[in-house]
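User: I have a model open and would like to talk through its contacts with you. Could you take my questions as they come?

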2 protein chains.
Amino acid sequence: MVDENLNLLVPNEEYLKAGIHIGTKFKTKYMKDFIYKTRPDGLSVLNIEEIDKRIRILVKLLTRYEPSDIVVVSRRENGWKGVKKLAEMIGVKFFAGRYPPGLLTNTQLKDFVEAKILFITDPWPDRNAINDALKIGIPVIALCDTNNAANNIDYVVPCNNKGKKSLGLIFFLLTQGLMEAKGLHNKGQAFPFTVDDFTAE
Amino acid sequence: MVDENLNLLVPNEEYLKAGIHIGTKFKTKYMKDFIYKTRPDGLSVLNIEEIDKRIRILVKLLTRYEPSDIVVVSRRENGWKGVKKLAEMIGVKFFAGRYPPGLLTNTQLKDFVEAKILFITDPWPDRNAINDALKIGIPVIALCDTNNAANNIDYVVPCNNKGKKSLGLIFFLLTQGLMEAKGLHNKGQAFPFTVDDFTAE
């Protein structure tokens with residue numbers, strides 16, 4: 001249980017409503033430590049405090065990079081709206097949809113991208129991007145659900161990386177955090193976007 | 001086994017001689033995936049390719065920070081010479097010896113340090129530093145041996161974090177990598193230090 005007085009990025013209720021903590025019935029050994037319990041219906045429940053903490057660290061890590069050196073990938077359609085909004089506000093490069101293998105490694109490709117860090121929505125559908133990142137030796141950050149293999153991932157953000165609401169909330173919090181860190185938004189003022197702006201229809 | 005043709009930071013033989021891959025007889029669940037095999041005498045053997053890869057990523061992560069924002073901690077004496085040489089060449093802040101609790105959190109302390117990232121030699125002796133980092137929400141990078149609990153560590157560099165030679169080689173490679181990344185050393189030229197300069201007597 002999350003301590004009610006805990007200082008989270010959004011009220012615990014918001015996390016619960018978005019289902020950010022609802023994993024799958026399948027659990028990999030890599031994700032065991034992030035799991036808080038298993039529900040009677042077999043679904044895993046992720047630890048919300050740890051999710052919150054890791055979204056904060058994610059913001060801090062990405063803040064260190066020039067946006068143009070960051071590549072964000074989401075093959076999964078539920079991530080597209082959030083990824084695109086993040087890119088629009090922060091200026092990161094992104095691939096929403098099929099990631100063309102070799103994009104980060106093959107300088108001959110017309111679309112070749114020089115990246116210093118990769119951020120992906122799911123290690124399985126986005127595995128081509130991971131392979132490219134491994135070849136050039138850049139850090140890989142990934143949203144990982146309970147069913148993901150997290151070997152080859154340098155920093156894991158545990159979460160429901162499948163649902164629209166969960167992905168929307170994550171990209172909302174990430175964009176908000178990066179805008180604050182970069183001075184594009186003042187913490188004291190109302191944030192000009194809602195989670196809906198990041199959430200697939 | 002390491003592929004002989006693999007491109008490592010130093011020849012595989014150097015890693016073996018330093019015992020960088022020799023773990024303990026005790027294995028935590030956190031470190032299992034980094035273990036390549038168990039020797040007949042019960043000692044764990046870490047995967048050298050993964051160690052090499054993670055030292056490279058460590059360099060890349062630390063390169064993103066101003067040296068004065070990086071705090072390096074080693075309670076273990078075998079790490080002191082390496083930590084001090086790293087600090088001398090790169091300008092990171094460091095504590096070789098007892099870490100005073102509250103140093104990163106208590107602005108009232110005369111020695112208060114504002115850190116943006118923490119790098120420690122061993123999660124157990126350096127646990128006070130981890131607790132401070134957790135309180136202020138900065139990333140923690142740690143050298144972790146097979147007996148370490150790596151919860152609360154954001155980035156693990158698996159290695160023998162106890163032996164003189166192993167720690168010497170790690171701080172040598174880290175300093176070399178950071179000096180190259182910062183343009184303080186040209187890759188083509190002879191590096192002006194040897195591993196001995198980082199290795200406890």
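User: Is B:Lys110 buried or exposed?

Analyst: This is a predicted model, and in it B:Lys110 is exposed, with a relative accessible area of 77%. B:Lys110 also forms a salt bridge with B:Asp111, where the closest N and O atoms are 3.7 Å apart. B:Asp111 is partly exposed, with a relative accessible area of 45%.

User: How many salt bridges does the structure hold over all chains?

Analyst: Over all chains, the structure holds 24 salt bridges. One of them pairs the side chains of B:Asp33 and A:Lys29, at 2.8 Å from N to O. B:Asp33 lies in the loop between helix H1 (12-18) and strand S1 (35-38) of chain B, and A:Lys29 lies in the loop between helix H1 (12-18) and strand S1 (35-38) of chain A, so this pair joins two chains. As for accessibility, B:Asp33 counts as partly exposed, at 40%.

User: What does A:Lys53 form a salt bridge with?

Analyst: The partner of A:Lys53 is B:Asp154, and the closest N and O atoms of the two are 3.3 Å apart. This pair also crosses between chains, running from A:Lys53 in helix H2 of chain A to B:Asp154 in the loop between strand S6 (140-144) and strand S7 (155-158) of chain B.

User: And are those two buried or exposed?

Analyst: A:Lys53 is buried, and B:Asp154 is buried as well.

User: Let's look at the interface as a whole. How many residues of chain A are in contact with chain B?

Analyst: On the chain A side 22 residues are in contact with 22 residues of chain B. Between them the two chains bury about 1,700 Å², and 45% of that is on carbon and sulfur atoms. The interface of chain A and chain B has 4 salt bridges, and the count of residue pairs in polar contact, with both residues at pLDDT 80 or more, is 11.

User: Which elements give two or more residues to the chain A side?

Analyst: Those elements are helix H2 (48-63) and helix H4 (127-136) of chain A. H2(A) gives the most to the side of chain A that touches chain B, with 5 residues. By class, that side of chain A has 10 nonpolar, 2 polar and 10 charged residues.

User: Last one, on B:Leu62: what does it touch?

Analyst: Not counting residues up to four places away in sequence, B:Leu62 touches B:Ile70, B:Ile117, B:Ile141, B:Leu174 and B:Leu178. B:Leu62 lies in helix H2 (residues 48-63) of chain B and counts as buried, at 2% relative accessibility.

User: How far apart are B:Leu62 and B:Ile141, in sequence and in space?

Analyst: B:Leu62 and B:Ile141 are 79 residues apart in sequence, while in space they are 9.5 Å apart, taken from C-alpha to C-alpha.

Methods:
Residues are numbered from 1 along each chain as its sequence is written. Chains are lettered from A and ligands numbered from 1 in the order in which they are written. This is a predicted model: local features need pLDDT of at least 70, side-chain atom pairs count only at pLDDT 80 or more; totals for chains, interfaces and linings use all residues. Side-chain values use heavy atoms; hydrogens and water are left out. Contact means heavy atoms within 4.5 Å. Buried area is the accessible area (1.4 Å probe) that two parts lose on being put together, summed over both. A polar contact is a pair of N or O atoms within 3.5 Å; within protein, one must be able to donate a hydrogen and the other to accept it, and residues adjacent in sequence count only if both atoms are side-chain atoms. Helices (H or I, at least four residues) and strands (E, at least two) are DSSP runs, numbered from the N terminus. Ala, Val, Leu, Ile, Met, Phe, Trp, Tyr, Cys and Pro count as nonpolar, Asp, Glu, Lys and Arg as charged, and the others, Gly among them, as polar. Buried means under 20% relative accessible area, exposed over 50%, partly exposed in between (1.4 Å probe, protein chains only).
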